[in-house]
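This briefing goes through the strand order, the packing of helices and the aromatic contacts of the structure shown below.

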Amino acid sequence: MSTITSVCVYCGSSTGRDGSFIEAGRKLGNDLARAGLRLVYGAGATGIMNAVATGCLEEGGAVTGIIPRFLINREAPGSSLDRLDDLILTEDMHQRKHLMFDRSDAFVALPGGIGTLEEIVEIMTWAQLGRHEKPIVFANFGGFWGPMLSLLSHMKAEGFIHSEERVRPLVVDRAEDIVPALTRTGAYSEGDPAIIGRL
């Protein structure tokens, strides 16, 4: 069994239309730092990604940024990457996602777009396949993830989500409740070694 020491946050590199998402992202970053949890994220210096990292750093937290080289000019311009205490450059998105998984003990999806959706769905897929039992949180600020959660319920009802006990994300409505929710989950299993070896 392993304990949670690092949290991967998936979120938009844009601000979105609701300004409260930026505030919530910064609050989560603050809380991660205060709890002594390392933030793992996509190294972006724009949008909600920037808010989470800034929040963590301003409270003295540790931050790992993982970004493909081709995205640096778009999502991390100038010297923004210099502020991170741990920066990893990858050659592609595939490598980025695997490293984010390997370096994280839990996953949180804040509001975001297609990239955020794709990342959290992949993490749920790996959980269903038995690759991990790391906690997964949907930060359902203002009901943002409501349609996604309804779709998951529909898939379950129609019999398309097998190993249902492995796909039970936590749903949290407020930023200040995310770290306590993760703390309550306690230790987690790394998954079935036999299955991991085949993936």
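Two strands are taken to pair if DSSP finds at least two bridges between them. In this predicted model, four bridges join strand β1 (residues 6-10) to strand β5 (residues 106-109), and the two run parallel. Within this pairing, Val9 stands opposite Val108 in β5.

**Sheet**
- Seven strands make up an open sheet with parallel pairing, in the order β4-β3-β2-β1-β5-β6-β7.
- The edges are held by β4 (86-90) and β7 (170-172), each of which has a single partner strand, so one side of each is left without a neighbour in the sheet.
- On average, and with direction ignored, neighbouring strands of this sheet are turned by 20° against each other.

**Helices on the sheet**
- Helix α2 (residues 47-58) packs on the sheet and touches β1, β2 (38-41) and β3 (63-68), its direction making about 160° with that of β2.
- Helix α4 (residues 93-102) also packs on the sheet, where it touches β1, β2, β3, β4 and β5, and its direction makes about 160° with that of β3.

**Aromatic pairs**
- Six aromatic pairs are found in a search of the whole structure.
- The rings of Phe21 and Phe144 have centres 5.8 Å apart and planes at 85°, so this pair is edge-to-face.
- Phe21 lies in helix α1 (residues 20-34) and Phe144 in the loop between β6 (136-139) and α6 (146-157), 123 residues apart.
- Phe21 is buried, with a relative accessible area of 10%, whereas Phe144 is partly exposed, at 31%.
- Phe144 also forms an edge-to-face pair with Trp145, at 5.1 Å centre to centre and 85° between the planes.

**Cluster and charges**
- One aromatic cluster is formed by Tyr10, Phe101, Phe107 and Trp126.
- The charged end of Arg131 sits over the ring of Trp126, 4.4 Å from its centre, while Lys134 lies over the face of Phe101, at 3.9 Å from the ring centre.

Notes. Residues are numbered from 1 along each chain as its sequence is written. This is a predicted model: local features need pLDDT of at least 70, side-chain atom pairs count only at pLDDT 80 or more; totals for chains, interfaces and linings use all residues. Side-chain values use heavy atoms; hydrogens and water are left out. Axes are lines fitted to C-alpha atoms, for helices over the stretch in contact, and angles run from 0 to 180 degrees between N-to-C directions. Contact means heavy atoms within 4.5 Å. Rings of Phe, Tyr and Trp (its six-membered ring) pair if their centres lie within 6.5 Å; planes under 30 degrees apart count as stacked, over 60 as edge-to-face and the rest as tilted. Buried means under 20% relative accessible area, exposed over 50%, partly exposed in between (1.4 Å probe, protein chains only). A charge sits over a ring if NZ of Lys or CZ of Arg is within 6 Å of the ring centre and within 35 degrees of the ring normal.
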